[in-house]
Amino acid sequence: MCPSAEENGNANGHANGVNGTNGVNGHEGFTGIETKQNPHPQIKNPYSGVGDFLSNVSRFQIIESTLREGEQFANAWFDTQTKIKIAKALDELGVDYIELTSPAASEQSYEDCKTICKLGFKAKVLTHIRCNMQDAKLACDCESYLREHSHGKDMTYIKNTAIEVMQYVKSSGIEIRFSSEDSFRSDLVDLLTIYSAVDRVGVNRVGIADTVGCASPRQVYDLVRTLRGVVSCEIECHFHDDTGCSIANAYCALEAGATHIDTSVLGIGERNGITKLDGFMARMIVADRDYVKSKYRLEKIKEIENLVAESVQVNIPFKNPITGFSAFTHKSGIHQKAILANSSTYEIINPEDFGMTRYVHFASRITGWNAIKSRVEQLGLKMSDEQVKLCTAKIKAMADVRPLAVDDADSIIRTFHSNLAAKEEQPLLDDLTEKEKAQFVEKEKELNGVGEKRGLEQVVDEQADVPLAKKTR
C-alpha cells in the first residue's frame with residue numbers, strides 16, 4: 001500500500017522543508033534552504049500570440065470532475081464523507097462547478113448526489129447522465145444544475161431524444177449541457193449537425209470530449225474554432241491524457257473559443273485520467289495571473305491534493321507543476337546565483353501565489369558559492385567571499401564521496417568558521433590539504449593547455465564540478 005497523503009505531504013511537498021537555521025528536512029537525502037523573498041514581476045512573453053476576440057483564456061470556468069471522472073480511477077472508492085470533504089475543499093478553492101457521478105449509476109450514487117446538492121455550495125453541483133428520460137428525471141430529483149447526455153444510437157434517434165429530454169429538463173428551470181463522446185473521431189458533419197440542433201433548442205452548453213486522448217493541440221484548436229462558428233451557446237471541453245496533451249489541449253481550446261474546461265485533482269480518471277487541476281492552473285496563471293488570482297484560492301490546491309492522494313492511495317508525482325517534490329527547487333550553481341538575486345530569472349510561476357516556497361538545494365557537488373553564502377548568513381556566521389568559496393570547495397569535496405544532508409553541510413560550514421576564528425587568516429593555498437593543492441595544480445595545467453590562465457579563487461568559483469579531494473581534513 002502506498003503511504004498516506006499526509007506522509008506524502010512531507011515527502012513530496014515543502015511543508016517540512018528547511019526553515020530557519022536548524023536544517024531540518026522532511027525527506028531523507030534532500031536538502032535545501034529557503035531563499036529570501038524576491039519580487040516576482042509578471043514578465044511578458046515576447047512570443048505570446050496576438051489577442052483574439054474569440055479567446056477565453058482570461059474568462060474561463062472550471063468544471064471539477066474528481067467526484068465523477070475521478071471515481072473511474074483504478075484506485076478510487078469514495079465514501080459519502082470523503083465525497084463531502086473533497087466537494088467542500090473544491091468549493092473553497094473556488095471552482096465554478098463540481099461534477100458528480102450519475103445518480104443512475106447506483107443507489108448510493110443517487111443518495112450522495114442528493115446529499116451534496118443540499119450543502120449550499122457557491123459552486124454549482126452537476127451530474128452526468130445518459131440521453132434518456134429516466135436518467136433525466138433522476139437527475140432532476142437530486143436538484144443538481146447540469147445534465148449531460150451521451151449516446152449510442154443513430155443520428156436521427158439521438159437528435160429527437162436529445163430535444164425531448166432537453167425540453168423536459170429546461171421546463172424544470174435547470175441548466176443543461178449536451179455532449180458527444182469521442183468527438184475527435186466522430187464524423188464532423190454529424191457532430192456539427194447535432195450540436196446545431198441542440199443549440200437552437202436552447203441548450204446552455206455543448207461539450208466535446210477527447211475520450212481516448214488522441215487529439216493534438218492543433219486538432220483541438222481547429223475543431224473548437226469551427227464549432228464556435230456554428231453554435232452561440234457555451235462550449236465545454238473534456239480531455240483525456242493518454243498521449244500527454246491534456247493541458248496543452250485545454251489551453252488551445254480556450255484560445256479557440258471554448259468557455260469551460262473539465263479537470264480532476266491529480267488528473268485521476270479512467271486510464272491515465274484527464275486534465276490535472278494543478279497543471280491547468282499553472283498554465284493559466286502564466287497566461288493571466290490577475291484573473292486566476294482574483295477568482296481562485298490557489299493556496300488550497302496542496303491541501304486538496306493531499307486529501308485525494310490519501311483517498312486513492314497514491315503518491316503526489318514528483319514533477320507535479322505546483323506541488324511536486326522538486327517544483328520550486330534549484331540545484332545548479334548558476335541557477336542558484338540568479339535565483340538568490342531575482343527569482344523570476346529561473347521561475348515562470350511565483351510559488352508564493354500557491355502558498356508554496358522556493359528552495360535552493362545547497363548540499364551537493366554542483367552547488368555554487370552564492371548558495372553557500374546564503375546558508376552562512378542564515379546560520380548567523382560571517383565570512384568573506386573568498387572564505388565562502390573555500391568552504392564551498394570543502395562541501396563539494398565531501399559531496400563527491402557521498403550524498404550530503406543539511407546537517408553535514410552545516411557541520412562543514414561551522415567547522416570551517418571555527419578554524420578561521422582559531423587562527424589568523426592565511427593565504428588561500430595554505431587552507432587546503434596537500435592533496436587538494438595538487439589537484440588544483442593539475443586543474444591549472446589543464447586550463448593552461450587550452451590557452452587559459454585562472455587564479456585559485458576563480459577555479460573555486462566555477463559552477464561546474466571541480467574534482468577535489470575525496471575527503472576533508
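User: Leaving aside its neighbours within four places in sequence, which residues is Thr259 in contact with?

Analyst: In this predicted model, Thr259 sits in the loop that runs between helix H8 (246-256) and strand E9 (260-263). Once its neighbours within four places in sequence are left aside, the residues in contact with Thr259 are Asn56, Arg59, Phe60, Gln61, Arg228, Glu234, Ile235 and Leu254.

User: Is Thr259 buried or exposed?

Analyst: The relative accessible area of Thr259 is 13%, and the term buried applies under 20%. Thr259 therefore counts as buried.

User: How many charged residues does the contact of H12 with H13 have?

Analyst: On the H12 side the contact is made by Gln336, Lys337 and Leu340, which meet Asn370, Ala371 and Ser374 in H13. Sorted by class, this contact has two nonpolar and three polar residues, and the number of charged residues is one.

User: Which residues of the lining lie nearest the centre of the second largest pocket?

Analyst: The second largest pocket holds about 310 Å³ of space. Its lining divides into eight nonpolar, eight polar and four charged residues. Of the 20 residues that line this pocket, those nearest its centre are Leu266, Gly267, Lys276, Pro317 and Asn320.

Terms used. Residues numbered from 1 in each chain as written. Predicted model: local features only at pLDDT ≥ 70, side-chain atom pairs only at ≥ 80, totals over all residues. Heavy atoms only, no water. Contact = heavy atoms within 4.5 Å. Helix = DSSP H or I, 4+ residues; strand = E, 2+ residues; numbered from the N terminus. Nonpolar A, V, L, I, M, F, W, Y, C, P; charged D, E, K, R; others polar. 1 Å grid on protein atoms, 1.4 Å probe; cavity = no way out; pocket = protein on both sides within 12 Å on 5 of 7 lines; lining within 4 Å. Points joined across faces, edges and corners; volume = space filled by probe spheres on them. Buried < 20%, exposed > 50% of the residue type's maximum accessible area, 1.4 Å probe, protein only.
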